[in-house]
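Please read this briefing with the sequence and the structure side by side, and try to find each named residue as you go.

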Amino acid sequence: VGQPGDLATVIGDVNRLVCRDTDATGQFLTLFYMEIAPDAAAVDWIRAGHDPAVWYDPETGAFAELKGKGAALGIDEGMTYTAGRRTGLSPGHIIAVGTDGIWEARNAAGEMFGKHRFKALIRSHADRTAAGILEGILAGLEAFRGPRPQSDDVTIVIVKKTEG
């Protein structure tokens, strides 16, 4: 059974539950929650302390970030969240959500990978499937990092709108 209410209400309820579990620990978690209605060509999301998702339109070459206000879950039981909405999701469009372990990864010289390299890899692999884009990003990140060990988690979700 799903939680009743609109997206912002549901995430607010989840936050209250997380706060009760983490109250004495000082721990928290970030969240990027997204709903995609394939037939409506729209994306709705809540951003709770997580980096924004990246939206790429290969036809125009333009990137946009799915931003929004909202603190991480587990910090403030009274936090309210606001859903974002973007329309115009068309075949070929790509949405990428990742953790900061991607753009904060460093190479042997100590240089950070950065979001510009992340976006460049999305652009260069945009003709692939979602799985192919993911593979391309991970390979590019590994090549950049070289022998330096991974210091943070690397989590990526790629969504690519297809025909139909």
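**The nonpolar cores and the helices around them**

In this predicted model, the largest nonpolar core holds 18 residues, and those that touch the most other members are Ile94, Ile102, Phe113, Phe118, Ile122, Ile137 and Ile158. At least two residues of this core are supplied by each of strand E3 (53–57), strand E6 (94–98), helix H2 (100–103), H3, H4 and strand E7 (156–160). The largest share, four residues, comes from H4. Apart from this core lies another one, made of ten residues, among them Val43, Trp45, Trp55 and Ala64.

**The chain as a whole**

- The secondary structure comes to four helices and seven strands, and when the elements are followed from the N terminus on, they run in the order α-β-β-β-β-β-β-α-α-α-β.
- Along its principal axes, the C-alpha trace of the chain spans about 40 × 40 × 25 Å.
- The chain has 164 residues, of which 39% count as buried.
- If we consider the contacts in the chain with a separation of 6 or more, 64% of them are accounted for by residues 24 or more positions apart.

**How H3 and H4 meet**

- The axes of helix H3 (residues 114–124) and helix H4 (residues 130–145) come within 9 Å, and they cross at roughly 140°.
- Why are H3 and H4 described as oblique to each other? Angles over 145 degrees would count as roughly antiparallel and those from 65 to 115 as roughly perpendicular, so the crossing at roughly 140° makes the two helices oblique.
- The crossing in which H3 passes H4 is right-handed.
- On the H3 side the contact is made by Arg117, Phe118, Leu121 and Ile122, while on the H4 side it is made by Gly136, Ile137, Gly140, Leu141 and Phe144.

**Two residues to look at closely**

- Which residues does Phe113 touch, when those up to four places away in sequence are not counted? They are Ile102, Trp103, Ala105, Phe118, Leu121, Gly140, Leu141 and Phe144.
- Gly140 is found in helix H4, and, leaving aside its neighbours within four places in sequence, Gly140 is in contact with Phe113 and Leu121.
- Although Gly140 and Arg117 are 23 residues apart along the chain, their C-alpha atoms are separated by 8.7 Å.

Technical notes:
Residues are numbered from 1 along each chain as its sequence is written. This is a predicted model: local features need pLDDT of at least 70, side-chain atom pairs count only at pLDDT 80 or more; totals for chains, interfaces and linings use all residues. Side-chain values use heavy atoms; hydrogens and water are left out. Axes are lines fitted to C-alpha atoms, for helices over the stretch in contact, and angles run from 0 to 180 degrees between N-to-C directions. Angles under 35 degrees count as roughly parallel, over 145 as roughly antiparallel, 65 to 115 as roughly perpendicular and the rest as oblique. A crossing is left-handed if the near helix is turned anticlockwise from the far one by less than a right angle, and right-handed if clockwise. Contact means heavy atoms within 4.5 Å. A nonpolar core is a set of buried Ala, Val, Leu, Ile, Met, Phe, Trp, Tyr and Cys residues joined through side-chain atoms within 4.5 Å. Buried means under 20% relative accessible area, exposed over 50%, partly exposed in between (1.4 Å probe, protein chains only).
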